[in-house]
Amino acid sequence: MTGTTTTADATTTSRRPLVLDVLGLLARLVLGGALLLAGGLKIGNPSGSARAVQAYDVLPFEVARVVGYGLPYVEVILGLLLVLGLFTRASAVLGGLLMVVFVVGIAQAWARGLTIDCGCFGGGGQVAADQTEYGTEILRDLGLALCGAYLVVRPRTLAGLDRALLGR
């Protein structure tokens with residue numbers, strides 16, 4: 001019987017968007033929650049955040065200081081937008097790019113033999129060689145970047161303000 005749709009086919013077809021919306025919600029909450037947590041833990045200690053960025057020894061001292069002071073605010077804003085599901089695609093692009101920058105920063109520190117804490121969730125600076133966790137930090141940030149990539153491709157998610165306010 002060609003051209004007919006069975007009830008099972010129709011049910012599977014109607015469930016697919018819901019499953020994708022739920023996956024999007026999870027990606028939004030994971031990436032947004034991580035950004036909120038990271039920024040929230042650093043926002044009360046801007047000089048510590050600046051020291052953590054300076055420890056990577058990539059940017060000129062004063063530029064690293066400015067980045068360190070501003071980064072927690074950027075993380076909190078992006079995290080809030082993602083958790084709320086507002087401007088999801090744009091927030092996911094920026095959040096995902098941040099994760100890629102973090103991966104590159106951690107990888108170059110590892111390759112150069114620096115022994116620093118990434119400073120991702122506060123802290124940062126010099127640590128003993130056996131206290132570095134570069135591999136797990138890179139994997140974590142790659143996973144978060146994948147959440148961002150999913151949301152760039154499919155920003156429509158469950159329980160997002162984009163849908164309620166903007167009809168997306």
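A polar contact is here a pair of N or O atoms within 3.5 Å; within protein, one must be able to donate a hydrogen and the other to accept it, and residues adjacent in sequence count only if both atoms are side-chain atoms. The model is predicted: local features need pLDDT of at least 70, side-chain atom pairs count only at pLDDT 80 or more, and totals for chains, interfaces and linings use all residues. Residues are numbered from 1 along each chain as its sequence is written, and side-chain values use heavy atoms, with hydrogens and water left out.

E75 is found in helix 3. Helices (H or I, at least four residues) are DSSP runs, numbered from the N terminus. The relative accessible area of E75 is 1%. E75 therefore counts as buried (under 20% relative accessible area, with exposed over 50% and partly exposed in between; 1.4 Å probe, protein chains only). A polar atom of the E75 side chain lies 3.4 Å from the backbone nitrogen of G39. Contacts (heavy atoms within 4.5 Å) were also listed for E75. Beyond four places in sequence, E75 touches L35, L36, A38, G39, K42, L98 and F102.

A nonpolar core is a set of buried Ala, Val, Leu, Ile, Met, Phe, Trp, Tyr and Cys residues joined through side-chain atoms within 4.5 Å. The largest such core has 15 residues. L31, L35, L82, L98 and M99 touch the most other members. Two or more residues each come from helix 1 (7–43), helix 3 (61–84), helix 4 (88–111) and helix 5 (134–153). Neighbours within four places aside, L31 is in contact with L82, G95, G96, M99, L144, C147 and G148. Another core, of 11 residues, lies apart from the largest one. Among its members are Y56, I106, A109 and I116.

G105 is placed in helix 4. At 15% relative accessibility, G105 is buried. The C-alpha atoms of G105 and V58 are 8.3 Å apart, across 47 residues of sequence.

On the surface, L80, L84, F87, L161, L165 and L166 form a nonpolar patch. Together the six members have about 530 Å² of accessible area (Shrake-Rupley method, 1.4 Å probe; for residues, only the protein chains shown count as cover). Helix 3 and helix 6 (161–166) each supply at least two residues. Helix 6 gives the largest share, three residues. L165 belongs to helix 6 and is exposed, at 59% relative accessibility.

Technical notes: Patch = residues over 30% accessible without salt bridge, like charges linked within 9 Å, V, L, I, M, F, W, Y side chains within 5 Å. Salt bridge = Lys/Arg side-chain N within 4 Å of Asp/Glu carboxyl O.
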